[in-house]
Amino acid sequence: MNRAFDEAWFAARAHEGIRGLKAYDPGHDVVALRAAAEWLVELGSNENPYGPSPDAREALLDSLHLVHRYPDPRGTALKAKLAGVHGVDPACLLLGNGSHELLMQLAQVFAGPGDDVVYSQFGFAVFAIATQAAGAKARVVTALPRDAAMPLGHDLAALAAAVTPATKLVYVANPNNPTGTWFGAPALAAFVAAIPPEVIVVIDEAYAEMVDAPEFETAMGLLGSHPNLVVTRTFSKAYGLAGLRCGYAVAHPALLAVLERVRESFNVNGFALAACAAALDDHAHVAWVRRRNVEQRAALARWLAGRGIATIPSQTNFLLAEFGERTPAIEDALLTHGIVLRPMRGYGLAHFSRITVGTLDEQRRLFAALDEVLA
Ligand SMILES: *Cc1c(COP(=O)(O)O)cnc(C)c1O
């Protein structure tokens, strides 16, 4: 074979947005690491180390006998549950194969060549991929400085000011990944009010159930007054169901009707529909996960501070830790101890690692390994 049918050759066949696109970087190949290591402490993907409610597991197993059937294409039962939880009409809900899918759909539907999408520096990686895949142009707004009250957080005033007549979509995560930063209710309300109604505002609340800061408020209360607002949530984090791939959007029914046009008919599988509905009923489990996470997050921040390693304030189940110049060496050394952190080079945060808050036992292993590595 003379010609190299390599990725570049096929990429040249793709449309313009895809040609320059880089695939989502999942961090490490955890499957390979798992196979190689006796045990692994996986602190790279912000999963819930406690797992889901036992009720969710049971509902999942109870639904196995329906594996030969297509799932409910509309997810009626899960939407009815979610409608109750959030006090909205079921028509205000759209389910996704993870909220990742919904974030992609939003750009696919509302932005294209010639359009702008606004999001923050250090915003969630999917915002950039969704924008570029849609063929739209990213307007990336500089994050707050390291010495700000909310270091590396979203500069909401600058984000609102970056909106131009070409802007179709604004993505904001609150709290944000990978920084862990957040903003409170007054800032949120002022921001949403500053965006023209023709521009779709997406507030990604993947970590909302982890938050304990009293000033935080979901954007859902603003939906009634702002039909251009979309709030996304996920079952992957606090609910501990990342493996099932289920998330949802809450928005004006007419907005969702347009997204519905591109939704794959059976995008959420039957096991996810069953388990997520059951998970919603177990408030005690989510509250317990939140308490454990708050406790271990504080313990992790304290331990690192004791070794002179700064962390960015976080309302999530991870901390951005500033290891400085030694960051890659520390990450590699921890890997040899079977501990997986998330490198941040791709985000332009090469002096930081993102560490998922683990269980007490996982964190003990991390501390022991770090003590060796830092020595
Ligand atoms: C983890 C995460 C998601 C959730 O992704 P799923 O596709 O629902 O698993 C969405 N947004 C942010 C900011 C996240 O960190």
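Mentor: One term before we start: a polar contact is a pair of N or O atoms within 3.5 Å. Also, keep in mind that this is a predicted model.

Trainee: Okay. How far is an oxygen atom of the ligand from a polar backbone atom of histidine 100?
Mentor: The distance is 2.9 Å. An N or O atom in the side chain of asparagine 177 is 2.7 Å from a ligand oxygen. For the side chain of arginine 245, the value is 2.7 Å.

Trainee: And how much of the ligand does the protein bury?
Mentor: It buries 93% of the 390 Å² that the ligand exposes when taken alone.

Trainee: Which residues are around the ligand?
Mentor: Among them are Gly98, Ser99, Phe124, Asp204, Tyr207 and Lys237. By type, the shell has three nonpolar, six polar and three charged residues.

Trainee: Which helix gives the most to that shell?
Mentor: Helix α6, residues 98-110, with three residues.

Trainee: Back to arginine 245. Where is it?
Mentor: In the loop between β7 (229-234) and β8 (247-251). Most residues other than glycine have a negative phi.

Trainee: Is arginine 245 buried or partly exposed?
Mentor: Partly exposed, at 30% relative accessible area. Phenylalanine 122 has a positive phi too, near 65 degrees. That residue sits in the loop between β3 (116-120) and α7 (125-133). Phenylalanine 122 counts as buried because its relative accessibility is 11%, and the cut-off is under 20%.

Trainee: New topic. Which peptide bond that ends at proline 175 is cis?
Mentor: The one from asparagine 174, with omega near -5 degrees. Another cis bond joins asparagine 177 and proline 178, with omega about 20 degrees. Proline 175 is in the loop between β5 (167-173) and α9 (185-194), and proline 178 lies in the loop between β5 and α9 as well.

Trainee: What about the largest nonpolar core? Which members touch the most others?
Mentor: Leu78, Leu82, Phe191, Leu229 and Phe235, out of 49 residues. Helix α11 (residues 270-281) supplies the largest share of this core, seven residues.

Trainee: What does leucine 229 contact, beyond four places in sequence?
Mentor: Its contacts include Val192, Ile203, Leu222, Val250 and Leu255.

Technical notes
Residues numbered from 1 in each chain as written. Predicted model: local features only at pLDDT ≥ 70, side-chain atom pairs only at ≥ 80, totals over all residues. Heavy atoms only, no water. Near = heavy atom within 4 Å. Polar contact = N/O pair within 3.5 Å; in protein donor to acceptor, adjacent residues only side chain to side chain. Areas by Shrake-Rupley, 256 points an atom, 1.4 Å probe, with all protein chains shown as cover. Helix = DSSP H or I, 4+ residues; strand = E, 2+ residues; numbered from the N terminus. Nonpolar A, V, L, I, M, F, W, Y, C, P; charged D, E, K, R; others polar. Core = buried A, V, L, I, M, F, W, Y, C linked by side-chain atoms within 4.5 Å. Buried < 20%, exposed > 50% of the residue type's maximum accessible area, 1.4 Å probe, protein only. Contact = heavy atoms within 4.5 Å.
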